[in-house]
Amino acid sequence: MAVELKVPSVGESITEVQIAQWLKGEGEQVQKDENIVELETDKATLELPAPVSGILKGIVKKVGDMANVGDIIGYMEEGAVATAGPPPPAQAKKSVPEARVMPAAARALAEKGLKPEDVAATGPGGRLLKEDVVRHETKAVPAVNGRHEDVVPMSPLRKRVAARLVESQQTTAHLTTFNEIDMSNVMALRKQYQEEFQAKNGIKLGIMSFFVKAAIDGLKMIPQLNAEIRGTDIVYKNYYDIGVAVQSAKGLVVPVIRSAEQMSFAELEKVISDFAVRARDNKIAIEELEGGTFTISNGGVFGSLMATPIINPPQSGVLGMHAIKDRPVVVDGAIVIRPMMYVALTYDHRIVDGRESVTFLKRIKECVENPTRMLLEI
């Protein structure tokens, strides 16, 4: 009996998805609830489980194709047993070196009927990536004087990011203010208590939790930065849902820590670490990306020394962290070397004035340079 595989409803605002990759090939055995295909939306990647046990009878939408919610993307035959036919991806991998072909690439090769040697590998150590297989299928502009261009469709996530960035610039009055923070006390505190903290909580004490705590402290002082403009009204929020920008395989995503003001340092570190791991594996759920009252972005992990972050509408502010660098600074009239970080606050000038923005960033500096303030709430 043929069973249709349809694109499920994945959120009120999402009507279209892109086929990211088929996890099973045509003719391959599939168990009920086993993930069969990855679908990419403009917010996240999700997996569609098999509704029944049987074999994948046909693939209607190939990798890279777009599909609307409700569209049929493939068929299964319920209860059928796989017989002779195209080898499943796992078998295809056995014919090539395990260290060179990534699992997702092996599945893509099997689906397209390609061999590893047909595709140029660009991954670390000569590894073949799924992106290499997809790129192999893209349209190449004819070479001129030995040069050529590859035309690759933008992913839904990249399209969404582009649209949001333009929307942010067009609908908010962006201004950015800067300050610098001496990270000596935070680094000393982490060094002193890291072993005990990790033994008790099963997670390392990082830097981000200090900034989340400091941001909440500052937002309580300057509530305009935790508010949004809704029509002709200003909506002040008495909760603190902090978005933390993390890098995924598809691009930058901003999952939200709900009610962050109620969490301890250990709880914050666990949530942030979990976001980072799941973002790399494209496991962040769509609902985890929605909402948020304020955002923190850490360009320092990529080595950025200073940058101007962009507001995530309808929020009114975003805090940018940057790389920690040893620099000479003057302390009590003497020149000393300290680990310093530049921080930036981009704010919506329609709702936040310069005095409030500077006061907020100064409070961040005070809290991080003297972390005991956050514990004593002074």
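How many bridges link strand 2 and strand 7, and in which sense do the two strands pair? Strand 2 and strand 7 (residues 66-68) run antiparallel to each other and are joined by three bridges. Keep in mind that this is a predicted model.

| Strand pair | Sense | Bridges |
|---|---|---|
| Strand 2 and strand 7 | antiparallel | three bridges |
| Strand 2 and strand 4 | antiparallel | four bridges |
| Strand 4 and strand 5 | antiparallel | five bridges |

If you want to find these pairings in the viewer, a few residues make handy landmarks. Take strand 2 (residues 16-22) against strand 4: Q21 stands opposite E38 in strand 4, and W22 has V37 of strand 4 as its bridge partner. On the strand 7 side, Q18 is bridged to M66.

What about cover? Strand 4 (residues 35-40) is mostly covered, with five of its six residues buried. Strand 2 is mostly covered too, with six of its seven residues buried.

In soluble globular proteins, nonpolar side chains tend to be buried together. In this model the largest nonpolar core has 55 residues, and F211, V212, I242, F294, I296 and I364 have the most contacts inside it. Several elements supply at least two residues each, among them helix 5 (184-201), helix 7 (265-280), helix 8 (354-369), strand 14 (242-244) and strand 20 (334-348). Which helix gives the most to this core? Helix 6 does, with eight residues; helix 6 covers 208-221.

**Two loop residues**

Two loop residues are worth a look, I286 and L305. I286 sits in the loop between helix 7 and strand 18. Is I286 buried or exposed? I286 is buried, because its relative accessible area is 8% and the cut-off for buried is under 20%. The C-alpha atoms of I286 and D42 are separated by 9.4 Å, while the two residues are 244 residues apart along the chain.

L305 is in the loop between strand 18 (294-298) and strand 19 (317-331). Together with F178 and M306, L305 makes a nonpolar surface patch of about 270 Å².

Terms used:
Residues numbered from 1 in each chain as written. Predicted model: local features only at pLDDT ≥ 70, side-chain atom pairs only at ≥ 80, totals over all residues. Heavy atoms only, no water. Buried < 20%, exposed > 50% of the residue type's maximum accessible area, 1.4 Å probe, protein only. Pairing = 2+ DSSP bridges. Patch = residues over 30% accessible without salt bridge, like charges linked within 9 Å, V, L, I, M, F, W, Y side chains within 5 Å. Areas by Shrake-Rupley, 256 points an atom, 1.4 Å probe, with all protein chains shown as cover. Salt bridge = Lys/Arg side-chain N within 4 Å of Asp/Glu carboxyl O. Core = buried A, V, L, I, M, F, W, Y, C linked by side-chain atoms within 4.5 Å.
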